[in-house]
Amino acid sequence: MSTIAVDTIEPKTSGGAVSVKPCTFRIFNSATQSLANATTTALIYDTVEWDTHSIADLANNRVVITDATAGYWFVSAKFSLDNAVPFRQIVWVYVNNTNTISFENGDYSQTTGAYPSIQAQGIIKVVSGDTISAFGYHGHGSTKNSQSGRNVNGLEGFRIGPS
């Protein structure tokens, strides 16, 4: 293995310093989604707010990792219900259809007039061809709608670095 040792690194004489393009995405659902009671449901995404490396696959509600984007990622999935407080609400981040990160909130209420939002987040290691998606679950007792919008129902992430 070779080593390069320098005393200083100076920016190039024109155009400023070298910029590094971060690898990040944010997708969300701009419409409500109907979720059946006590059923694990794939969360739908119809809007890309940003996607620096074109890895969002809205047709399949997921992100597809490439050779250029493989590595360690911090990911977060948000899931909020509209006008309901279920006794149980869960959001999962799946990698290759396997539950990898989850968060569960148990309220034991089943009242209305509230808009519970939960978020699962963590660090994952992915390789080229892996997929990242999110699933939601609620136990309100009847079918409920999710809320819509970037702040309450989305999947986002940024690459920490290569593996």
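In which loop does Gln33 lie? In this predicted model, Gln33 is found in the loop between E1 and strand E2, the latter covering residues 34-35. With a relative accessibility of 5%, Gln33 falls below the 20% limit and therefore counts as buried. The side chain of Gln33 comes to 2.9 Å from the backbone oxygen of Ala42. When neighbours within four places in sequence are left aside, the residues in contact with Gln33 are Thr41, Ala42, Leu43 and Ile44, together with Lys144, Asn145 and Ser146.

Across the 163 residues of the protein, buried residues account for 41%. Among contacts between residues at least 6 apart in sequence, 74% join residues that are at least 24 apart.

Five of these strands form an open sheet in the order E4-E1-E13-E7-E10, and the pairing is antiparallel. E4 and E10 stand at the edges of this sheet with a single partner strand each, so that one side of each has no neighbour in the sheet. On average, and with direction ignored, neighbouring strands of the sheet are turned by 15° against each other. As a general point, the strands of a sheet pair through backbone hydrogen bonds, in either a parallel or an antiparallel way.

Within the sheet, E1 can be followed to its partners on either hand. E1 is joined to strand E13, residues 154-161, by five bridges, and the two strands run antiparallel. In this pairing, Thr24 has Phe158 of E13 as its bridge partner, while the partner of Phe25 in E13 is Gly157. E1 also pairs with strand E4, residues 47-51, in the antiparallel sense over four bridges, and here the bridge partner of Ile27 is Val48. E13 is in turn joined to E7 by seven bridges, again with the strands running antiparallel. In this pairing Val75 stands opposite Gly157, and Ala77 stands opposite Leu155.

Because five of the five residues of E1 are buried, the strand is largely enclosed by the rest of the structure.

The largest nonpolar core comprises 26 residues, of which Trp73, Ile124, Ile132 and Leu155 touch the most other members. Two or more residues of this core are given by each of the strands E1 (24-28), E7 (71-80), E8 (89-95), E10 (117-126) and E11 (131-138). Apart from this core lies another one of five residues, among them Trp92, Tyr94, Phe135 and Tyr137. These four aromatic residues, Trp92, Tyr94, Phe135 and Tyr137, are also linked into a cluster by ring pairs.

The count of aromatic pairs in the model comes to five. One of them is formed by Phe25 and Trp73, whose rings are 5.7 Å apart from centre to centre, with an angle of 45° between the planes, an arrangement classed as tilted. Phe25 and Trp73 are both buried.

Is Tyr115 buried, partly exposed or exposed? Tyr115 is located in the loop between strand E9, residues 98-105, and E10. Its relative accessibility is 43%, a value between the limits of 20% and 50%, and Tyr115 therefore counts as partly exposed. The C-alpha atom of Tyr115 is separated by 5.6 Å from that of Leu81, although the two residues are 34 residues apart along the chain. Not counting residues up to four places away in sequence, Tyr115 touches Ser80, Leu81, Asp82 and Asn83, as well as Gln147.

Notes. Residues numbered from 1 in each chain as written. Predicted model: local features only at pLDDT ≥ 70, side-chain atom pairs only at ≥ 80, totals over all residues. Heavy atoms only, no water. Core = buried A, V, L, I, M, F, W, Y, C linked by side-chain atoms within 4.5 Å. Buried < 20%, exposed > 50% of the residue type's maximum accessible area, 1.4 Å probe, protein only. Pairing = 2+ DSSP bridges. Phe/Tyr/Trp six-rings, centres within 6.5 Å; stacked < 30°, edge-to-face > 60°. Polar contact = N/O pair within 3.5 Å; in protein donor to acceptor, adjacent residues only side chain to side chain. Contact = heavy atoms within 4.5 Å. Axes fitted to C-alpha atoms, helices over the stretch in contact; angles between N-to-C directions.
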